[in-house]
Amino acid sequence: MKKSFLGLAIASAFVFASQVAQAEDMYRGAWYVVPGATYMNTDNDLEADNGRGGFLSIGKELSEHWDIQGRLGYNRADEDTGIAGASGKYKQTALGLDALYMFSRDKFRPFLLAGIGAARNNVDYSNVGLTDKSNTSWMANVGLGAQYLFSDKFGIQADVRHQWSRADARNATRTVDADETIGNTLVNLGGIFRFGAPAPVVEEPTPEPAPVAAAEPAPEPAPAPAPAPAPVCKPQNETVTVSAEKLFGFDKANLREEGRKVLEETAAKIKANPEINAVIVTGHTDRIGSDAYNQKLSERRAKMVADYLIAQGVDSNIITSEGKGKSEPVVECEGKKVTKKLISCLQPNRRVDIRAEGTKQIGCQ
């Protein structure tokens with residue numbers, strides 16, 4: 001059987017190297033269709049050239065890591081028996097169900113696949129003395145590939161898979177000897193059209209608290225025989241909480257234009273108060289998704305905010321960033337299924353806190 005070792009090796013490196021990619025877009029239970037084209041490397045026993053065809057898949061995002069796709073494919077190739085006067089084509093129609101393990105829910109989504117189904121192999125050659133020409137049998141395939149989403153509605157999918165089925169065609173001279181399991185390697189490329197997912201919800205951000213003004217000097221105590229007791233000193237701290245949607249958009253870690261303006265204003269306030277000696281940026285997420293996913297996303301958001309504040313002139317020596325993932329929610333919401341209602345309810349948990357701490361003491365001289 002022909003085996004495309006080079007293609008499989010390249011694709012394997014492509015998939016496993018990409019496992020380190022950070023997931024930004026979580027699954028939202030979308031349906032999608034994938035129409036596309038196929039290049040087929042046919043089994044040697046079929047005595048046929050490599051062929052071409054097309055396919056149509058219907059997919060569903062089942063969970064953070066799993067998709068399922070139903071697939072109908074058709075491929076054909078010219079005979080290549082070398083027998084004088086021979087003609088005809090090898091044709092294959094396959095219907096199967098594939099399970100896809102998704103390594104990421106970012107725009108770039110590498111995956112492994114495995115599937116089962118049925119295939120009809122028709123070895124329609126003339127003048128070669130075939131005793132049988134067609135057979136309908138089981139079908140199985142394994143492979144790997146990747147999706148890339150240009151938007152929430154459209155993307156592309158490419159995969160390489162090796163497909164096994166059974167043919168039933170041979171002649172007396174055994175020039176064609178395909179009466180057993182055959183294996184074809186398929187290279188597929190198609191467009192992804194997504195639908196049926198809840199739209200990202202962008203809520204109004206939590207209002208920024210007004211900056212804490214510098215404390216007025218305490219009035220001089222009235223003359224008295226005994227000195228007044230020293231005032232109780234409190235450190236000057238201020239925390240600004242900004243909605244994650246205002247900064248990043250739903251499930252993103254790249255700053256939006258609106259978010260940049262908020263951070264520019266915050267940076268100006270920090271620089272205007274020289275007594276501030278520490279700025280701690282903390283990222284928080286909601287509970288949708290795994291602990292590891294949310295922890296990494298919160299860290300990336302916090303670092304993005306800290307880097308932008310530094311770019312606006314905040315001293316890098318006083319600023320630090322950290323992520324708390326979904327460990328510190330401010331609201332609790334019922335339900336586990338990712339719906340528009342749940343996303344909206346959990347909005348206050350998706351936030352970034354910017355805490356400024358100063359050495360100046362309120363109520364102290």
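Strands, as named here, are DSSP runs of E with at least two residues, numbered from the N terminus. In this predicted model, Phe150 lies in the loop that links β6 (134-149) to β7. Phe150 belongs to a nonpolar patch on the surface, together with Tyr148, Phe154, Ile156, Leu189 and Phe193. The accessible area of these residues together is about 550 Å². Two elements, β7 (154-166) and β10 (181-195), each give two or more residues to the patch.

The largest nonpolar core comprises 20 residues. Within this core, the residues with the most contacts are Leu263, Val279, Val281, Val305, Leu309 and Ile354. Two or more residues come from each of α2 (244-248), α3 (257-271), β12 (276-284), α4 (291-311) and β14 (351-362). The greatest contribution is that of α4, which supplies five residues.

The buried residues of α4 include Val305 and Leu309, both of which are listed with the most contacts inside the largest nonpolar core. Also buried in α4 are Tyr293, Asn294, Leu297, Ser298, Arg301, Ala302, Ala306 and Tyr308. After α4 comes Gly313, which has a positive phi near 105 degrees.

Technical notes: Residues are numbered from 1 along each chain as its sequence is written. This is a predicted model: local features need pLDDT of at least 70, side-chain atom pairs count only at pLDDT 80 or more; totals for chains, interfaces and linings use all residues. Side-chain values use heavy atoms; hydrogens and water are left out. A nonpolar core is a set of buried Ala, Val, Leu, Ile, Met, Phe, Trp, Tyr and Cys residues joined through side-chain atoms within 4.5 Å. Buried means under 20% relative accessible area, exposed over 50%, partly exposed in between (1.4 Å probe, protein chains only). Helices (H or I, at least four residues) and strands (E, at least two) are DSSP runs, numbered from the N terminus. Patches are made of residues with over 30% relative accessible area and no salt bridge: like charges are joined within 9 Å, nonpolar side chains (Val, Leu, Ile, Met, Phe, Trp, Tyr) within 5 Å. Accessible areas come from the Shrake-Rupley method with a 1.4 Å probe; for residues, only the protein chains shown count as cover. A salt bridge is a side-chain nitrogen of Lys or Arg within 4 Å of a carboxyl oxygen of Asp or Glu.
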